[in-house]
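I opened this notebook to record what I looked up about salt bridges. The entries follow in the order of my reading.

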Amino acid sequence: MQKRTIWRDATKPDTVEIIDQRRLPHEVSIVNLSTVEEVEQAIRDMWVRGAPLIGATAAYGMAILMSQLHKQNTELSYEQGKQLLLHSRPTAVNLAWAVQRMDAAITQVSKEEQVAIAWALADAITEEDVSICRGIAEAGLPLIRNIHQQYPQRPVNILTHCNAGRMATVEWGTATAPIYLAHSQGIPVHVWVDETRPRNQGASITAWELADAGIPHTLIADNAGGHLMQHGSVDLVIVGSDRTTKTGDVANKIGTYLKALAAHDNAVPFYVALPSPTIDWTLSNGVDEIPIEERSQREITHITGWEESSQQLLELRLSPAGSPAANPAFDVTPARLVTGLITERGICEASEAGLWEIFPERAP
Ligand code: MRU
């Protein structure tokens, strides 16, 4: 399997390559992105997805924009291209974080240096994500190891939602990073994979990743988690995040909040794994302040799957043609339901004080 989710090919300058995740797990289709419009479309239509990968892709989008401007092969101005990227998806803060970081670097240097600086920083942001996710793996590992030491005769049962795995990042993943590390160290793990309606990132991407890594897992309907927790079948929940406030409220894929409620009711530890660029230090109240993406009704009224005989994606209608649908793509889990945040700097309480302890440079 292609190890990274975004990369540069030395033979194709001013271009990045990605996997079109809409076609997973059925086909690993590699796509070149060479204009800022293509990058925007890849983010908006979820060819790439997951907060950290959206951030890395947007960073390369800025570098591609600089190359286009330099070669005068775009009608867009720098500001228009930047705004296009900034508005491609609203919830994952990694996108704005990456674009602003690129903007600061680009606007600080002379015109002649801008293209080279932009590509170098986009590469650096991408490499940084790999080492951050490796840090999350190490920080989260003791949680799994402790449960294993308590119950050495059986696997550690972990439930996850959506795909906060390596396909959501550059490599490793966030929620799955400690799971991969535990597995590689011989700790027996078993993962309950929420299918994650409406786009089924759990069924199509997380299950595929875990199968590829040889990690035992079981796919479940989104509504099964509460039942499994009531029956003692879940030791630990680990999910990802698209934006975490400075007070520890967590936006993640729709349905995460319900998992947190069920975990709370059943005293199952509920952890959120996130890289520091996912923390929005400007926000204090996640429910009121985090922008929640509303996606197309069609993702609810229809379902997409792989037609095996013709080997292509097929979309089928599920609901009556006249029934309207609503499709909020994310929800917010309040900090009080989160047992802890797993970051590259270690695990902390989901609170302002907890985050300040491991990010002292952010404390007043
Ligand atoms: O809509 P998606 O597929 O981009 O949503 C992804 C998630 O919600 C992930 O859990 C989140 O981005 C964390 S990724 C490491």
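Entry 1. I began with the rule: a salt bridge is a side-chain nitrogen of Lys or Arg within 4 Å of a carboxyl oxygen of Asp or Glu. I note that the model is a predicted one. Under this rule I find a count of 25 salt bridges.

Entry 2. I looked up Asp 103 and found a salt bridge to Lys 82, with 3.5 Å between the closest N and O atoms. This pair links distant parts of the chain, 21 residues apart: Asp 103 belongs to helix H4 (residues 93–108) and Lys 82 to helix H3 (residues 78–86). I recorded Asp 103 as buried, and Lys 82 as buried too.

Entry 3. I turned to Lys 259, which forms a salt bridge with Asp 194; their closest N and O atoms are 2.9 Å apart. Here a helix is joined with a strand, since Lys 259 lies in helix H9 (residues 256–265) and Asp 194 in strand S5 (residues 189–194). The two residues are 65 residues apart, and the pair links distant parts of the chain. I noted that both Lys 259 and Asp 194 are buried.

Entry 4. I then examined Glu 293, which forms a salt bridge with Arg 295 at 2.7 Å between the closest N and O atoms. Is Glu 293 buried or exposed? Glu 293 counts as buried because its relative accessibility is 6%, under the 20% cut-off. Arg 295 has 14% relative accessibility and therefore also counts as buried.

Key: Residues numbered from 1 in each chain as written. Predicted model: local features only at pLDDT ≥ 70, side-chain atom pairs only at ≥ 80, totals over all residues. Heavy atoms only, no water. Helix = DSSP H or I, 4+ residues; strand = E, 2+ residues; numbered from the N terminus. Buried < 20%, exposed > 50% of the residue type's maximum accessible area, 1.4 Å probe, protein only.
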